[in-house]
Amino acid sequence: MAPRRLGPLVPLAPRRQPLVPQPTPAGRDRTTALPLQPGYAPPLIPAEILPTGPDYAHDYGPPRAIAGTPLSGAILYRLRSVMSEAAQAPPTDYPLGWNFFLHGTPSTIAATWSTTLWCASVPAFDPQVHHDLLDLWNPHLAQPYGDQGRLRWLAPPPLHTIIGLYAERLRAGRPHAAAQLIRCMVMTAQALRDDPRFRLRATALLAMIEPLQANPALDHSALPYGDQAVERAWRTRCPAPLAATLFADSAPGERFQLAFYDLATALHPLCGDPADPAFIEPRHAATALLAADMAAYRPDLATPVSRWLDPELRTLLTDIVQQDTHPLRDLWPTDDTPSPRLTPTAPDTAIAVLSASAAVGFAWSRLAGGIPIPPRGFTVPNAYIAHLDTLAAAPTVTDLPIDDTTEPENDDTPAAPPPTHPNRTAARSPTPTRSSTRTPPPTPDLQSPPTPAEPWTAAPPPHLTRQQGAPDDAKATTPVPPPGPNMTDARNPAAGDLGRSKARSDNS
């Protein structure tokens with residue numbers, strides 16, 4: 001992701017706004033006024049116009065909601081191990097006064113919960129995909145998750161909430177319990193760092209709390225001045241390239257500006273070609289979606305929130321919220337369905353708009369004084385998660401048959417006989433048909449029916465079933481004499497031996 005550029009400094013807004021990349025018409029490339037002539041070196045860029053902030057040296061990437069790809073089994077295994085260890089802590093040594101959890105829940109459980117939500121890039125969870133992650137804390141919740149619509153909206157706790165769990169044990173004179181809380185936070189952040197949706201903020205949190213394991217007295221000097229002083233000490237340990245991850249706690253206005261920039265960037269592929277008359281500027285499309293979320297929940301906050309936008313968008317936001325006939329209201333979702341003009345066809349684009357719009361919702365809620373999230377979430381992210389389900393349910397190219405023929409479900413089913421040519425005779429046809437003439441079987445002789453042979457009995461030799469010198473017609477009609485004393489019965493081979501032994505006794 002390219003570094004965010006700053007727009008011009010206008011008199012009415014004494015702060016620079018992040019400049020969204022300007023779209024280029026299709027088939028056109030940006031070129032310089034004059035090509036560089038051979039033998040000339042490119043002109044030097046003055047150093048004073050280059051950005052020097054440390055955040056320009058780090059790629060923050062786009063916001064990512066906890067939807068789509070599920071967590072890996074290794075991460076879930078490590079989180080279960082942390083939760084099993086945290087649940088064994090005695091509640092008397094780790095008291096917790098939150099009404100969000102059941103009475104008697106140790107504060108180690110709250111530490112893992114707060115760390116997970118704080119490390120999430122956008123804590124909007126898809127319960128159909130990430131139910132294994134959310135179910136880890138179900139036994140400890142005072143009330144089950146309410147009906148929040150398709151997504152599970154969990155507001156991230158402020159950083160001072162996590163610090164309060166740790167600082168309370170230090171003030172109570174229990175440094176070992178405080179060290180155990182830090183250990184639960186470290187193990188949770190280390191497990192979540194392997195997922196890109198948690199990596200950035202988990203890395204920043206680990207940079208602030210891992211030094212406490214090597215030096216537990218690192219925050220003792222700031223402890224007498226309150227949790228705010230401890231929070232300032234934590235921020236000083238955060239690396240400068242990751243300082244923007246703390247904007248939600250330290251600079252909510254700048255955090256809202258960056259979230260709005262990300263939303264306009266995510267909408268860029270859906271706005272069309274700039275040469276097309278139906279083209280929509282990404283900043284205007286982002287303003288329309290922001291107005292849709294605010295008009296459905298808190299339209300009275302449009303004016304104070306718009307002060308953090310540039311003068312053009314500031315007026316545009318209030319006009320869209322207040323005017324029912326504004327043309328940009330055509331971009332609003334209807335019945336949990338995105339506008340046809342902003343409907344993505346690729347799942348990646350739908351997830352990008354979903355994540356960016358949810359990040360804007362969290363940002364302006366924190367900017368407005370930390371108001372709670374709407375009971376069923378925001379309108380725009382709910383519409384795009386519903387569209388994402390529609391894209392997932394649609395058949396792909398591999399699911400469609402190539403032609404109208406389908407293979408039989410059972411491979412043991414015999415194939416249909418090949419069609420018989422009308423000029424072929426029945427004798428040549430491998431499979432008889434109704435039109436083929438069949439030779440009637442020979443009529444058996446009723447006067448001398450043949451003796452049925454048993455399945456395991458071998459056929460008698462020819463010299464026992466036919467007479468010497470008999471005509472061919474008599475061969476099939478002459479009855480077979482029973483075996484004599486010197487003959488071997490085919491059905492009883494021992495009969496011949498008994499006859500021969502009896503004959504020897506008579507001769508003797």
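Where is Asp336 found? It sits in the loop between H13 and H14, where helices and strands are DSSP runs numbered from the N terminus (H or I, at least four residues, for helices; E, at least two, for strands). Asp336 has a positive phi of about 55 degrees although it is not a glycine. Asp335 is found in that loop too, between helix H13 (311-322) and helix H14 (347-367), and its phi is likewise positive, near 55 degrees, in a residue other than glycine. Most residues other than glycine have a negative phi. At 75% relative accessibility, Asp335 counts as exposed; the cut-offs are under 20% relative accessible area for buried, over 50% for exposed and partly exposed in between, with a 1.4 Å probe and protein chains only.

A word on the source: this is a predicted model, in which local features need pLDDT of at least 70 and side-chain atom pairs count only at pLDDT 80 or more, while totals for chains, interfaces and linings use all residues. Residues are numbered from 1 along each chain as its sequence is written, and side-chain values use heavy atoms, with hydrogens and water left out.

Now for the chain as a whole. The protein chain has 18 helices and five strands, and 39% of its 508 residues are buried. Its accessible surface comes to about 30,000 Å², with 57% of that belonging to carbon and sulfur atoms; areas come from the Shrake-Rupley method with a 1.4 Å probe, and for residues only the protein chains shown count as cover. Among contacts (heavy atoms within 4.5 Å) with a separation of 6 or more, 70% are between residues 24 or more positions apart.

Next, the cores. In soluble globular proteins, nonpolar side chains tend to be buried together. A nonpolar core here is a set of buried Ala, Val, Leu, Ile, Met, Phe, Trp, Tyr and Cys residues joined through side-chain atoms within 4.5 Å. The largest one holds 58 residues, of which Trp118, Cys119, Leu133, Leu205, Met208 and Trp234 touch the most other members. Two or more residues each come from helix H1 (73-87), helix H2 (107-119), helix H3 (131-134), helix H4 (159-171), helix H5 (175-192), helix H6 (199-209) and helix H8 (227-236). H5 gives the largest share, ten residues. A second, separate core has 55 residues, including Trp153, Leu263, Leu301 and Val380.

How do H2 and H6 pack, and at what angle? Their axes are 8 Å apart and the angle is about 130 degrees, the axes being lines fitted to C-alpha atoms over the stretch in contact, with angles from 0 to 180 degrees between N-to-C directions. H2 and H6 are therefore oblique to each other: angles under 35 degrees count as roughly parallel, over 145 as roughly antiparallel, 65 to 115 as roughly perpendicular and the rest as oblique. On the H2 side the contact is made by Thr115, Trp118 and Cys119, and on the H6 side by Arg201, Ala202, Leu205 and Met208. These residues divide into five nonpolar, one polar and one charged, with Ala, Val, Leu, Ile, Met, Phe, Trp, Tyr, Cys and Pro taken as nonpolar, Asp, Glu, Lys and Arg as charged, and the others, Gly among them, as polar. Leaving aside neighbours within four places in sequence, Cys119 is in contact with Ala189, Leu192, Arg197, Phe198, Arg201, Ala202 and Leu205.

Trp113 also lies in H2 and, at 7% relative accessibility, counts as buried. Not counting residues up to four places away in sequence, Trp113 touches Phe100, Phe101, Trp137, Tyr145 and Leu154. Trp113 and Pro157 are 44 residues apart in sequence and 9.5 Å apart in space, C-alpha to C-alpha.

Ala177 touches Asp93, Tyr94 and Arg169, not counting residues up to four places away in sequence. Ala177 and Tyr94 are 7.1 Å apart, C-alpha to C-alpha, although 83 residues apart in sequence.

Finally, H8. Its buried residues are Ala229, Val230, Glu231, Ala233 and Trp234, and they pack against H4, H5, H6, helix H7 (211-214) and helix H9 (247-250).
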